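This report takes the surface and fold of one protein chain, then its side-chain pairs. Please keep the sequence and the structure in view while reading.

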Amino acid sequence: DGKAAGVAPAGACGSAMASFELWDEAGQLVAGEVGCVSGRCYTSFTGFHRVANAGSVQLALTARLLERASFAFWDLGQE
């Protein structure tokens, strides 16, 4: 199983950079993204994957983590 890591929501008026990472059982970074937390909103700036489907797993785990942390909005930054 991989693991996901992130940051808790920033204060109501503050913002903070955040990263979410997915590591494999061998300790290799296989997917991740960088974004910004502002209040209960998270905006994804960019992401990557090094292994097929790892990006999809990382996105699913990020969604779950944001939900558990009571985020209200996730902007994927897509056009």
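The protein chain has an accessible surface of about 5,100 Å². Carbon and sulfur atoms account for 54% of that surface. This is a predicted model. Of the 79 residues in the protein chain, 25% are buried.

**Fold**

Along the sequence they run β-β-β-β-α-β. Among contacts with a separation of 6 or more, 39% join residues 24 or more positions apart.

**Aromatic pair**

The whole structure contains one aromatic pair. Its partners are Phe20 and Tyr42. The ring centres are 5.1 Å apart and the planes stand at 80°, so the pair is edge-to-face. The cut-off for that label is over 60 degrees. Phe20 belongs to strand S2 (residues 15–23) and Tyr42 to strand S4 (residues 41–49).

**Cysteines**

How many disulfides does the structure hold? It holds zero. A disulfide is a covalent bond between the sulfur atoms of two cysteines. For Cys36, the closest cysteine sulfur is that of Cys41, 10.0 Å away, which is too far for a bond. The limit for a disulfide is 2.5 Å. Cys41 is likewise in no disulfide, with the sulfur of Cys36 as its nearest cysteine sulfur. Cys36 is buried at 18% relative accessible area, while Cys41 is partly exposed at 32%.

**Salt bridge**

The structure has one salt bridge. It joins the side chains of Arg64 and Glu67, with 2.6 Å from N to O. Where do Arg64 and Glu67 sit? Both are in helix H1 (residues 54–68). They are three residues apart, so about one helical turn separates them. Arg64 is partly exposed, with 42% relative accessible area. Glu67 is exposed, with 52%.

**Accessibility of the residues discussed**

| Residue | Relative accessible area | Class |
|---|---|---|
| Cys36 | 18% | buried |
| Cys41 | 32% | partly exposed |
| Arg64 | 42% | partly exposed |
| Glu67 | 52% | exposed |

Two of these classes can be checked against the cut-offs. Cys36 has 18%, and buried means under 20%, so Cys36 counts as buried. Glu67 has 52%, and exposed means over 50%, so Glu67 counts as exposed.

Notes:
Residues numbered from 1 in each chain as written. Predicted model: local features only at pLDDT ≥ 70, side-chain atom pairs only at ≥ 80, totals over all residues. Heavy atoms only, no water. Helix = DSSP H or I, 4+ residues; strand = E, 2+ residues; numbered from the N terminus. Buried < 20%, exposed > 50% of the residue type's maximum accessible area, 1.4 Å probe, protein only. Contact = heavy atoms within 4.5 Å. Areas by Shrake-Rupley, 256 points an atom, 1.4 Å probe, with all protein chains shown as cover. Phe/Tyr/Trp six-rings, centres within 6.5 Å; stacked < 30°, edge-to-face > 60°. Salt bridge = Lys/Arg side-chain N within 4 Å of Asp/Glu carboxyl O.
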